[in-house]
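Please find below my notes on the model you sent.

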Amino acid sequence: MGITEILTLIFVVLKAFKVIGFTWVQCFIPEMIAGAFYIIILILYIIKSHRIKKTIEKKFNNFNHI
């Protein structure tokens, strides 16, 4: 369990017991930030994989023409 999950649990419990005046959306902002981070990492991974694939294909095409 990471820091964002712990923060979310704390915010939800405090909101449920009416200790804080956050909205429910504000309680889940740490998870939204983590989700956005994971999506960015996934997109970067896909881009990098595509570039590596193109490089490998280019090198094999040059190898076949020799």
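1. Phe-37, Tyr-38, Ile-39, Ile-40, Ile-41, Ile-43, Leu-44 and Ile-47 make a nonpolar surface patch of about 800 Å². Patch residues have over 30% relative accessible area and no salt bridge; nonpolar side chains (Val, Leu, Ile, Met, Phe, Trp, Tyr) are joined within 5 Å, like charges within 9 Å. A salt bridge here is a side-chain nitrogen of Lys or Arg within 4 Å of a carboxyl oxygen of Asp or Glu. The areas come from the Shrake-Rupley method with a 1.4 Å probe, and for residues only the protein chains shown count as cover.

2. This is a predicted model, in which local features need pLDDT of at least 70 and side-chain atom pairs count only at pLDDT 80 or more, while totals for chains, interfaces and linings use all residues. Residues are numbered from 1 along each chain as its sequence is written, and side-chain values use heavy atoms, with hydrogens and water left out.

3. Tyr-38, one of the patch residues, is placed in helix H3, residues 29-64. Helices (H or I, at least four residues) and strands (E, at least two) are DSSP runs, numbered from the N terminus. Tyr-38 has a relative accessible area of 53%, so the residue is exposed; the classes are buried under 20%, exposed over 50% and partly exposed in between (1.4 Å probe, protein chains only).

4. Helix H3 also holds Tyr-45, which is exposed at a relative accessible area of 58%. From Tyr-45 to Met-32 there are 13 residues in sequence and 20 Å in space, C-alpha to C-alpha. Ile-56 is a further residue of H3 and is partly exposed, with 42% relative accessible area. Its C-alpha atom is separated by 33 Å from that of Ala-34, 22 residues apart along the chain.

5. How many aromatic pairs does a search of the whole structure find? There are two. In one of them, Phe-11 with Phe-22, the ring centres are 5.3 Å apart and the planes stand at 75°, so the pair is edge-to-face. Phe-11 is in helix H1 (residues 3-16) and Phe-22 is in the loop between H1 and helix H2 (24-27), so the pair ties together parts that are 11 residues apart in sequence. For pairing, rings of Phe, Tyr and Trp (its six-membered ring) need centres within 6.5 Å; planes under 30 degrees apart are stacked, over 60 edge-to-face, and the rest tilted. Phe-22 is partly exposed, at 31% relative accessible area.

6. Is Thr-8 buried or exposed? Thr-8, a residue of helix H1, counts as buried because its relative accessibility is 7%. Its side chain makes a polar contact of 3.4 Å with that of Glu-31. Such a contact is a pair of N or O atoms within 3.5 Å; within protein, one must be able to donate a hydrogen and the other to accept it, and residues adjacent in sequence count only if both atoms are side-chain atoms. Not counting residues up to four places away in sequence, Thr-8 touches Cys-27, Phe-28, Pro-30 and Glu-31, where contact means heavy atoms within 4.5 Å.

7. Thr-4 is likewise in helix H1 and is buried, with 19% relative accessible area. Neighbours within four places in sequence aside, Thr-4 is in contact with Pro-30, Glu-31 and Ala-34.

8. Lys-18 sits in the loop between H1 and H2. Its phi is near 60°, a positive value in a residue other than glycine. Lys-18 is exposed, at 73% relative accessible area.
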